[in-house]
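Thank you all for coming. Please have a look at the sequence and the structure on the screen, and then I will take you through a few parts of it.

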Amino acid sequence: MTPPTVHQEAMDQEAVHQQTVPAEAAAVTLVGRSSSVFSRVARIFAAELAVAHGFRVVPDLLSREPGDYAGNPALRLPVLETRQGAWFGALSICRQLRRLSTRPVAVAWPEDFDQPLLANAQELTLQAMATEVTLIMNQLAGSGESAHQRKLEDSLLGSLGWLDRNVALAREALARDALPREALPGARWLSYLEVTLFCLVTHLEFRSVVPTAGYAQLGEFCRDFGERRSARDTSYRFDT
Ligand SMILES: N[C@@H](CCC(=O)N[C@@H](CS)C(=O)NCC(=O)O)C(=O)O
């Protein structure tokens, strides 16, 4: 069976958002920022999985008070507050959102990747996100130029180049091996890889960290993934 087109998928997403959510999910609060790359990963998962949640903004990224990060001693966001307790970090949050959801959504997680192409795509995406955060935080804190700063920039550009060369193949492999979409008639699917990659590339644009126009394949991927309602509804913006 031919996988649904992006347009069909976008229509499916309308249905996702209309679905009633479990009562337990109403007591869920995401602590993050609308401008944060890792927070957007969690927000997209929550939208795709139709998990209702509150949103609380962390006002100051330079705060050294764990209480400002819902108790996360690593002083990082996002955090998901639930009746069970607080979940630190985007991956754990997305897994918990999956557990809270009643939507029949097939999800490919990082540990599902048993071939180097997909495993490396995931690793380079997550590392690029972490590197980008460090570059932004250095800028925010007013740290000057250093050899390490230049290495971080090389790392980010090298990873983006690799991802641009491999994103099309990786998506094919994802659909064929990790998330056989043709075997999921009428179902929805989601991969941590695609969500994180989309959040990364669009965040690099949003924060003007590096020019992204030269990464044609990544641009094409973002246009395609960006048609999902979950992506449209979570555009980056600075909280007031
Ligand atoms: N491992 C964490 C990383 C989260 C992260 O780095 N978040 C950024 C915001 S997007 C942050 O808290 N930055 C503050 C800092 O670096 O001090 C995750 O996967 O969620």
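Before I count anything, let me say that helices (H or I, at least four residues) and strands (E, at least two) are DSSP runs, numbered from the N terminus. On that basis, the protein chain has eight helices and six strands, and from the N terminus on, its elements run α-β-α-β-β-β-α-β-α-α-β-α-α-α.

This is a predicted model, in which local features need pLDDT of at least 70 and side-chain atom pairs count only at pLDDT 80 or more, while totals for chains, interfaces and linings use all residues. Residues are numbered from 1 along each chain as its sequence is written.

Let me turn to burial, where a residue is buried if 20 or more other C-beta atoms lie within 10 Å of its own, exposed if 12 or fewer, and partly exposed in between, with C-beta atoms placed from the backbone. Of the 240 residues of the protein chain, 37% count as buried. In α2, by the same cut-offs, twelve of the twelve residues are buried, so this helix is largely enclosed by the rest of the structure. Among the buried residues of α2 are Val37, Phe38, Arg40 and Glu48.

What surrounds the ligand? There are 13 residues around it, and the closest are Ser36, Phe38, Arg76, Gly89 and Ala90, where a residue is near a molecule if its C-beta atom, placed from the backbone, lies within 6 Å of it. At least two residues of this shell come from each of α2 (37–48), α3 (90–100) and α4 (116–141).

Finally, let me point to the loop between β2 (54–57) and β3 (79–82), which is the place of Pro78. A cis peptide bond, with omega of about 10°, joins Leu77 and Pro78. Leu75 lies in the loop between β2 and β3 too, and its phi is near 60°, a positive value in a residue other than glycine. With 14 C-beta neighbours inside 10 Å, Leu75 counts as partly exposed.

Ser208 also has a positive phi, of about 50°, although it is not a glycine, and its place is in the loop between α6 and α7 (216–225). Is Ser208 buried or exposed? Ser208 is exposed, because it has 8 other C-beta atoms within 10 Å.
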